[in-house]
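Visitor: I am new to this structure. Can you walk me through how to read its features?

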Amino acid sequence: MALLDNSTSEIINPDTYFQTHTPSRTLIEDEIRVKEFVNKHQEAGRKIVLVTSGGTTVPLENNTVRFIDNFSAGTRGATSAEYPFIISVIWILIFMHRQFSLQPYSRHYTHSTNCFLDFMELKSDGSIGVNSKYASKMKFVLEKYQEFKKNETLLLLNFVTVTDYLFLLRSVTKIMSVLKENAMYYLAAAVSDFFIPAQKMSQHKIHSDGGLTLTMDQVPKFLKPMVTNWVPGGFIVSFKLETDPALLVDKSRLALMRYGHQIVIANLLTTRKCEVVLITRDSEFQIKLTEDEIAEDKEIESKIIPELVKRHYEWIRNASHTGL
Ligand code: PMT
(Lines give C-alpha, C1' and ligand atoms only; values in the text may rest on other atoms or scores of the structure.)
Protein backbone atom coordinates (compact mmCIF):
# COMPACT_ATOMS: atom_id res chain seq x y z
CA MET A 1 0.00 0.00 0.00
CA ALA A 2 1.33 3.42 -0.91
CA LEU A 3 0.62 5.72 1.99
CA LEU A 4 1.18 9.44 2.28
CA ASP A 5 0.27 10.23 5.84
CA ASN A 6 1.38 13.70 6.91
CA SER A 7 0.21 13.24 10.43
CA THR A 8 0.16 16.92 11.38
CA SER A 9 -1.66 19.32 9.08
CA GLU A 10 -0.27 22.80 9.58
CA ILE A 11 -1.25 26.28 8.50
CA ILE A 12 1.94 27.64 6.99
CA ASN A 13 2.31 31.40 6.97
CA PRO A 14 2.84 32.98 3.54
CA ASP A 15 6.47 34.02 4.22
CA THR A 16 7.41 30.48 5.22
CA TYR A 17 5.58 29.19 2.16
CA PHE A 18 7.67 31.32 -0.19
CA GLN A 19 10.89 30.40 1.64
CA THR A 20 10.24 26.67 1.44
CA HIS A 21 8.92 26.40 -2.12
CA THR A 22 10.47 26.93 -5.52
CA PRO A 23 8.95 29.14 -8.21
CA SER A 24 8.53 28.01 -11.81
CA ARG A 25 11.55 28.27 -14.09
CA THR A 26 9.85 31.04 -16.08
CA LEU A 27 9.26 33.41 -13.15
CA ILE A 28 12.28 35.68 -13.76
CA GLU A 29 11.45 35.96 -17.45
CA ASP A 30 7.78 36.69 -16.64
CA GLU A 31 8.81 39.40 -14.18
CA ILE A 32 10.89 41.10 -16.89
CA ARG A 33 7.95 41.01 -19.31
CA VAL A 34 5.57 42.42 -16.70
CA LYS A 35 7.98 45.25 -15.74
CA GLU A 36 8.38 46.29 -19.37
CA PHE A 37 4.63 46.11 -19.98
CA VAL A 38 3.74 48.07 -16.85
CA ASN A 39 6.42 50.74 -17.46
CA LYS A 40 5.28 51.28 -21.04
CA HIS A 41 1.63 51.74 -20.15
CA GLN A 42 2.31 53.67 -16.95
CA GLU A 43 4.34 56.22 -18.92
CA ALA A 44 1.36 56.59 -21.26
CA GLY A 45 -0.85 57.22 -18.19
CA ARG A 46 -3.01 54.14 -18.73
CA LYS A 47 -4.83 51.91 -16.28
CA ILE A 48 -4.00 48.22 -16.11
CA VAL A 49 -6.23 45.34 -15.03
CA LEU A 50 -4.90 42.03 -13.75
CA VAL A 51 -7.27 39.13 -14.34
CA THR A 52 -6.45 35.73 -12.86
CA SER A 53 -8.25 32.78 -14.38
CA GLY A 54 -8.56 29.00 -14.31
CA GLY A 55 -7.70 26.38 -11.72
CA THR A 56 -4.42 25.58 -10.00
CA THR A 57 -3.07 22.04 -9.65
CA VAL A 58 -1.63 20.35 -6.59
CA PRO A 59 1.09 17.82 -7.46
CA LEU A 60 1.29 14.60 -5.45
CA GLU A 61 4.89 13.86 -6.42
CA ASN A 62 7.93 16.12 -6.93
CA ASN A 63 8.54 14.32 -10.24
CA THR A 64 4.88 14.83 -11.01
CA VAL A 65 2.89 12.01 -12.53
CA ARG A 66 -0.33 12.66 -10.58
CA PHE A 67 -1.91 15.88 -9.42
CA ILE A 68 -5.21 17.14 -8.00
CA ASP A 69 -7.07 19.62 -10.15
CA ASN A 70 -10.38 21.46 -9.98
CA PHE A 71 -13.33 22.13 -12.25
CA SER A 72 -12.45 25.60 -13.52
CA ALA A 73 -12.02 25.97 -17.28
CA GLY A 74 -11.26 29.69 -16.95
CA THR A 75 -14.58 30.78 -18.44
CA ARG A 76 -15.15 33.58 -15.93
CA GLY A 77 -11.71 35.12 -16.39
CA ALA A 78 -11.53 34.79 -20.18
CA THR A 79 -15.06 36.11 -20.66
CA SER A 80 -14.59 39.01 -18.25
CA ALA A 81 -11.40 40.03 -20.04
CA GLU A 82 -13.38 40.84 -23.18
CA TYR A 83 -15.56 43.49 -21.53
CA PRO A 84 -14.26 47.05 -21.10
CA PHE A 85 -12.65 47.28 -17.70
CA ILE A 86 -11.75 50.85 -18.38
CA ILE A 87 -13.90 53.51 -20.01
CA SER A 88 -11.92 53.63 -23.23
CA VAL A 89 -11.86 51.72 -26.48
CA ILE A 90 -8.85 49.68 -25.48
CA TRP A 91 -8.11 48.50 -21.98
CA ILE A 92 -4.76 47.20 -20.82
CA LEU A 93 -4.82 43.71 -19.53
CA ILE A 94 -2.51 41.28 -17.81
CA PHE A 95 -4.22 37.93 -18.17
CA MET A 96 -2.75 35.37 -15.79
CA HIS A 97 -4.25 32.03 -16.65
CA ARG A 98 -3.87 28.33 -16.13
CA GLN A 99 -1.93 26.88 -19.03
CA PHE A 100 -4.31 25.67 -21.79
CA SER A 101 -7.38 27.10 -20.08
CA LEU A 102 -9.67 29.51 -21.92
CA GLN A 103 -8.23 32.79 -23.15
CA PRO A 104 -10.02 35.97 -24.22
CA TYR A 105 -11.13 35.91 -27.88
CA SER A 106 -9.76 32.47 -28.73
CA ARG A 107 -12.20 31.05 -26.13
CA HIS A 108 -14.98 31.26 -28.70
CA TYR A 109 -13.28 28.52 -30.71
CA THR A 110 -10.67 26.57 -28.73
CA HIS A 111 -12.83 24.61 -26.30
CA SER A 112 -15.82 24.33 -28.60
CA THR A 113 -17.58 21.02 -29.01
CA ASN A 114 -17.08 21.64 -32.72
CA CYS A 115 -13.80 20.50 -34.18
CA PHE A 116 -11.90 23.63 -35.41
CA LEU A 117 -12.23 22.27 -38.93
CA ASP A 118 -15.99 22.74 -38.65
CA PHE A 119 -15.40 26.51 -38.63
CA MET A 120 -13.87 26.26 -42.10
CA GLU A 121 -15.16 25.47 -45.53
CA LEU A 122 -13.71 24.58 -48.90
CA LYS A 123 -14.64 27.16 -51.52
CA SER A 124 -15.58 26.23 -55.06
CA ASP A 125 -12.24 27.65 -56.31
CA GLY A 126 -10.36 25.23 -54.05
CA SER A 127 -9.35 27.85 -51.45
CA ILE A 128 -10.22 27.59 -47.74
CA GLY A 129 -12.40 30.13 -45.95
CA VAL A 130 -14.50 30.59 -42.85
CA ASN A 131 -17.77 28.66 -42.85
CA SER A 132 -20.37 31.32 -43.69
CA LYS A 133 -22.47 30.19 -40.71
CA TYR A 134 -19.75 31.50 -38.34
CA ALA A 135 -18.26 34.31 -40.42
CA SER A 136 -19.96 37.39 -38.98
CA LYS A 137 -19.29 36.46 -35.33
CA MET A 138 -15.72 35.46 -36.19
CA LYS A 139 -15.14 38.80 -37.93
CA PHE A 140 -16.33 40.64 -34.80
CA VAL A 141 -14.08 38.59 -32.49
CA LEU A 142 -11.11 38.79 -34.86
CA GLU A 143 -11.32 42.59 -35.10
CA LYS A 144 -11.26 42.93 -31.32
CA TYR A 145 -8.42 40.44 -30.97
CA GLN A 146 -6.31 42.12 -33.63
CA GLU A 147 -6.85 45.51 -32.03
CA PHE A 148 -5.33 44.16 -28.81
CA LYS A 149 -2.44 42.58 -30.68
CA LYS A 150 -1.69 45.69 -32.73
CA ASN A 151 -1.73 47.93 -29.68
CA GLU A 152 0.18 45.39 -27.55
CA THR A 153 -2.32 45.87 -24.75
CA LEU A 154 -2.71 42.24 -23.69
CA LEU A 155 -0.03 40.38 -21.77
CA LEU A 156 -0.56 36.66 -21.26
CA LEU A 157 1.12 34.81 -18.40
CA ASN A 158 0.48 31.24 -17.43
CA PHE A 159 0.71 28.98 -14.41
CA VAL A 160 0.00 25.33 -13.68
CA THR A 161 0.50 24.52 -10.00
CA VAL A 162 -0.71 26.44 -6.98
CA THR A 163 2.94 27.23 -6.20
CA ASP A 164 3.50 28.69 -9.70
CA TYR A 165 0.34 30.75 -9.18
CA LEU A 166 1.31 32.17 -5.79
CA PHE A 167 4.85 33.16 -6.81
CA LEU A 168 3.59 34.72 -10.03
CA LEU A 169 0.74 36.57 -8.31
CA ARG A 170 3.15 38.00 -5.72
CA SER A 171 5.59 39.17 -8.40
CA VAL A 172 2.98 40.64 -10.73
CA THR A 173 1.08 42.50 -8.02
CA LYS A 174 4.27 43.92 -6.49
CA ILE A 175 5.34 45.22 -9.90
CA MET A 176 1.86 46.64 -10.54
CA SER A 177 1.80 48.39 -7.15
CA VAL A 178 3.53 51.41 -8.76
CA LEU A 179 0.27 52.05 -10.60
CA LYS A 180 -1.51 52.79 -7.32
CA GLU A 181 -5.20 53.50 -8.01
CA ASN A 182 -4.69 53.12 -11.78
CA ALA A 183 -4.98 49.36 -11.47
CA MET A 184 -7.62 46.79 -10.74
CA TYR A 185 -6.98 43.25 -9.50
CA TYR A 186 -9.71 40.80 -10.51
CA LEU A 187 -9.07 37.42 -8.92
CA ALA A 188 -11.27 34.89 -10.71
CA ALA A 189 -8.87 31.93 -10.58
CA ALA A 190 -10.01 28.87 -8.64
CA VAL A 191 -7.10 28.57 -6.23
CA SER A 192 -6.39 25.32 -4.38
CA ASP A 193 -7.10 25.39 -0.67
CA PHE A 194 -5.05 22.30 0.20
CA PHE A 195 -1.64 21.09 -0.93
CA ILE A 196 1.26 18.81 -0.05
CA PRO A 197 4.32 20.85 0.95
CA ALA A 198 7.38 20.11 -1.21
CA GLN A 199 9.36 18.69 1.71
CA LYS A 200 6.58 16.22 2.55
CA MET A 201 5.97 15.11 -1.01
CA SER A 202 7.10 11.82 -2.48
CA GLN A 203 10.10 12.46 -4.73
CA HIS A 204 9.18 9.80 -7.26
CA LYS A 205 6.00 8.27 -8.60
CA ILE A 206 3.97 6.81 -5.71
CA HIS A 207 3.85 3.02 -5.95
CA SER A 208 0.45 1.66 -6.91
CA ASP A 209 0.57 -1.47 -4.77
CA GLY A 210 -2.39 -0.63 -2.52
CA GLY A 211 -4.66 2.23 -1.55
CA LEU A 212 -3.51 5.79 -1.02
CA THR A 213 -4.22 8.01 1.97
CA LEU A 214 -3.36 11.68 1.59
CA THR A 215 -3.01 14.29 4.30
CA MET A 216 -2.81 17.80 2.97
CA ASP A 217 -1.86 21.13 4.52
CA GLN A 218 -3.83 24.30 4.03
CA VAL A 219 -2.52 26.66 1.35
CA PRO A 220 -1.77 29.98 3.08
CA LYS A 221 -4.42 32.60 2.37
CA PHE A 222 -2.59 34.94 0.04
CA LEU A 223 -5.24 37.66 0.01
CA LYS A 224 -4.06 38.98 3.37
CA PRO A 225 -0.42 39.65 2.33
CA MET A 226 -1.62 40.83 -1.05
CA VAL A 227 -3.88 43.47 0.49
CA THR A 228 -1.41 44.45 3.21
CA ASN A 229 2.01 44.18 1.58
CA TRP A 230 2.01 43.44 -2.13
CA VAL A 231 -0.43 46.12 -3.33
CA PRO A 232 -1.43 48.18 -0.31
CA GLY A 233 -4.20 50.52 -1.39
CA GLY A 234 -4.96 48.58 -4.59
CA PHE A 235 -8.51 48.03 -5.86
CA ILE A 236 -8.93 44.30 -5.31
CA VAL A 237 -11.93 42.23 -6.37
CA SER A 238 -11.97 38.58 -5.32
CA PHE A 239 -14.48 35.84 -6.03
CA LYS A 240 -15.94 33.50 -3.45
CA LEU A 241 -17.20 30.14 -4.56
CA GLU A 242 -19.56 28.00 -2.52
CA THR A 243 -21.91 25.13 -3.26
CA ASP A 244 -24.24 25.73 -0.30
CA PRO A 245 -26.49 28.78 -0.87
CA ALA A 246 -27.02 29.14 2.88
CA LEU A 247 -23.32 29.91 3.43
CA LEU A 248 -22.50 32.02 0.40
CA VAL A 249 -23.16 35.59 1.48
CA ASP A 250 -21.96 35.17 5.08
CA LYS A 251 -18.71 33.54 4.02
CA SER A 252 -18.13 36.17 1.37
CA ARG A 253 -18.69 38.95 3.85
CA LEU A 254 -16.33 37.24 6.28
CA ALA A 255 -13.64 37.14 3.56
CA LEU A 256 -14.11 40.86 2.94
CA MET A 257 -13.77 41.65 6.65
CA ARG A 258 -10.84 39.29 7.14
CA TYR A 259 -8.75 40.50 4.19
CA GLY A 260 -9.87 44.13 4.07
CA HIS A 261 -10.08 44.51 0.29
CA GLN A 262 -12.80 46.26 -1.73
CA ILE A 263 -15.21 43.75 -3.28
CA VAL A 264 -16.08 40.08 -3.03
CA ILE A 265 -18.17 38.60 -5.82
CA ALA A 266 -20.12 35.69 -4.40
CA ASN A 267 -21.10 32.87 -6.73
CA LEU A 268 -22.53 29.38 -6.47
CA LEU A 269 -21.09 26.57 -8.53
CA THR A 270 -24.43 25.73 -10.13
CA THR A 271 -25.67 29.26 -10.91
CA ARG A 272 -22.40 31.13 -11.45
CA LYS A 273 -23.11 31.86 -15.11
CA CYS A 274 -26.40 33.65 -14.49
CA GLU A 275 -26.29 35.06 -10.95
CA VAL A 276 -23.72 36.63 -8.60
CA VAL A 277 -23.81 38.93 -5.57
CA LEU A 278 -21.41 41.82 -5.40
CA ILE A 279 -20.52 42.46 -1.76
CA THR A 280 -18.81 45.55 -0.36
CA ARG A 281 -18.33 46.69 3.22
CA ASP A 282 -21.71 48.42 3.25
CA SER A 283 -23.72 46.90 0.42
CA GLU A 284 -24.96 43.78 -1.32
CA PHE A 285 -25.86 44.01 -4.97
CA GLN A 286 -27.32 41.14 -6.94
CA ILE A 287 -26.47 40.81 -10.63
CA LYS A 288 -28.68 38.39 -12.51
CA LEU A 289 -29.48 37.50 -16.09
CA THR A 290 -33.17 37.49 -17.00
CA GLU A 291 -34.71 34.50 -18.78
CA ASP A 292 -34.66 36.50 -22.02
CA GLU A 293 -31.02 37.41 -21.60
CA ILE A 294 -30.13 33.76 -20.98
CA ALA A 295 -32.03 32.79 -24.13
CA GLU A 296 -30.04 35.41 -26.09
CA ASP A 297 -26.74 33.98 -24.76
CA LYS A 298 -25.96 37.20 -22.93
CA GLU A 299 -22.96 36.76 -20.64
CA ILE A 300 -23.23 37.82 -17.00
CA GLU A 301 -19.75 39.33 -17.22
CA SER A 302 -21.26 41.98 -19.52
CA LYS A 303 -23.13 43.21 -16.43
CA ILE A 304 -20.44 42.54 -13.82
CA ILE A 305 -17.63 44.50 -15.46
CA PRO A 306 -19.47 47.85 -16.00
CA GLU A 307 -20.60 47.69 -12.36
CA LEU A 308 -16.98 47.23 -11.24
CA VAL A 309 -15.77 50.03 -13.49
CA LYS A 310 -18.33 52.33 -11.88
CA ARG A 311 -17.25 51.30 -8.40
CA HIS A 312 -13.56 51.66 -9.23
CA TYR A 313 -14.16 55.26 -10.34
CA GLU A 314 -16.19 55.98 -7.19
CA TRP A 315 -13.42 54.45 -5.09
CA ILE A 316 -10.78 56.61 -6.77
CA ARG A 317 -12.93 59.69 -6.20
CA ASN A 318 -13.47 58.87 -2.52
CA ALA A 319 -9.85 57.85 -2.01
CA SER A 320 -8.65 61.21 -3.33
CA HIS A 321 -10.94 62.94 -0.79
CA THR A 322 -9.60 60.89 2.09
CA GLY A 323 -6.02 61.20 0.88
CA LEU A 324 -5.58 57.41 0.35
O1 PMT B 1 -13.51 29.30 -14.42
P2 PMT B 1 -15.00 29.06 -14.36
O3 PMT B 1 -15.35 27.64 -14.66
O4 PMT B 1 -15.76 30.05 -15.14
O5 PMT B 1 -15.43 29.27 -12.82
C6 PMT B 1 -15.33 30.54 -12.28
C7 PMT B 1 -15.08 30.46 -10.75
C8 PMT B 1 -16.27 29.79 -10.09
C9 PMT B 1 -13.80 29.67 -10.48
C10 PMT B 1 -14.91 31.94 -10.24
O11 PMT B 1 -16.10 32.64 -10.50
C12 PMT B 1 -14.58 31.93 -8.75
O13 PMT B 1 -15.45 31.86 -7.90
N14 PMT B 1 -13.27 32.02 -8.41
C15 PMT B 1 -12.80 31.94 -7.02
C16 PMT B 1 -12.77 30.49 -6.59
C17 PMT B 1 -12.14 30.34 -5.24
O18 PMT B 1 -10.95 30.16 -5.13
O19 PMT B 1 -12.98 30.47 -4.27
P20 PMT B 1 -12.63 30.17 -2.73
O21 PMT B 1 -13.91 30.29 -2.03
O22 PMT B 1 -11.85 28.88 -2.62
O23 PMT B 1 -11.64 31.33 -2.34
C24 PMT B 1 -12.14 32.59 -2.06
C25 PMT B 1 -11.08 33.63 -2.25
O26 PMT B 1 -9.97 33.37 -1.38
C27 PMT B 1 -10.60 33.64 -3.68
O28 PMT B 1 -10.83 34.89 -4.25
C29 PMT B 1 -9.15 33.42 -3.59
O30 PMT B 1 -8.51 34.49 -4.32
C31 PMT B 1 -8.81 33.53 -2.08
N32 PMT B 1 -7.89 32.48 -1.69
C33 PMT B 1 -8.10 31.20 -2.07
C34 PMT B 1 -7.18 30.23 -1.75
C35 PMT B 1 -6.05 30.61 -1.02
N36 PMT B 1 -5.12 29.74 -0.71
N37 PMT B 1 -5.87 31.89 -0.64
C38 PMT B 1 -6.79 32.83 -0.94
O39 PMT B 1 -6.62 34.01 -0.57
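Guide: Start with aromatic pairs. Rings of Phe, Tyr and Trp pair if their centres lie within 6.5 Å. Planes under 30 degrees apart count as stacked, over 60 as edge-to-face and the rest as tilted. Keep in mind that this is a predicted model.

Visitor: How many aromatic pairs does the rule give here?

Guide: The count comes to twelve aromatic pairs. Take Y17 and F195 as a case. Their rings are 5.3 Å apart, centre to centre, with 55° between the planes, and the pair is tilted. Y17 belongs to helix 1, residues 14-20, and F195 to strand 9, residues 194-195. The two are 178 residues apart, and the pair links distant parts of the chain. Both Y17 and F195 are buried.

Visitor: Why is the pair of F18 and F167 edge-to-face?

Guide: A pair of aromatic rings is described by the distance of the centres and the angle of the planes. For F18 and F167 the planes stand at 80°, so the pair is edge-to-face. The centres of these two rings are 4.9 Å apart. This pair, too, links distant parts of the chain. F18 is in helix 1 and F167 in helix 6, residues 162-176, 149 residues apart.

Visitor: Are F18 and F167 buried or exposed?

Guide: The cut-off for buried is under 20% relative accessible area. F18 has 11% relative accessibility, so F18 counts as buried. F167 has 5%, so F167 counts as buried as well.

Visitor: Which residues form one aromatic cluster?

Guide: The cluster consists of Y17, F18, F167, F195 and W230.

Visitor: Which residue lies over the face of F18?

Guide: That is R170, at 4.0 Å from the ring centre of F18. There is another case of this kind: R311 lies over the face of F285, at 5.4 Å from the ring centre.

Visitor: Now the ligand. Which residues are the closest to the ligand?

Guide: The closest are S72, R76, F239, K240 and N267, and 23 residues surround the ligand. Look at the atoms next. A backbone N or O atom of R76 is 2.8 Å from a ligand oxygen. For K240, a polar side-chain atom lies 2.8 Å from an oxygen atom of the ligand. For N267, a side-chain N or O atom is 2.6 Å from a ligand oxygen.

Visitor: How much of the ligand's accessible area does the protein cover?

Guide: On its own, the ligand has 770 Å² of accessible area, and the protein covers 96% of this. Helix 3 (75-80) and strand 11 (235-242) are the elements that give two or more residues to the shell. Strand 11 has the largest share, with four residues. By class, the shell holds twelve nonpolar, six polar and five charged residues.

Visitor: What about phi angles? Which values does the backbone show at Y105 and E152?

Guide: Y105 is not a glycine, yet its phi is positive, about 70°. Y105 sits in the loop between strand 4 (92-98) and helix 4 (107-110). With a relative accessible area of 4%, Y105 is buried. E152 is also a residue other than glycine with a positive phi, near 50°. Its place is the loop between helix 5 (132-151) and strand 7 (154-159). E152 has a relative accessible area of 49% and is partly exposed.

Visitor: Last one. How many residues separate T52 and L187 in sequence?

Guide: They are 135 residues apart in sequence, but 5.0 Å apart in space, C-alpha to C-alpha. T52 is in strand 1, residues 48-53. At 0% relative accessibility, T52 counts as buried.

Note on methods. Residues numbered from 1 in each chain as written. Heavy atoms only, no water. Near = heavy atom within 4 Å. Polar contact = N/O pair within 3.5 Å; in protein donor to acceptor, adjacent residues only side chain to side chain. Areas by Shrake-Rupley, 256 points an atom, 1.4 Å probe, with all protein chains shown as cover. Nonpolar A, V, L, I, M, F, W, Y, C, P; charged D, E, K, R; others polar. Phe/Tyr/Trp six-rings, centres within 6.5 Å; stacked < 30°, edge-to-face > 60°. Buried < 20%, exposed > 50% of the residue type's maximum accessible area, 1.4 Å probe, protein only. Lys NZ or Arg CZ within 6 Å of the ring centre and 35° of its normal.
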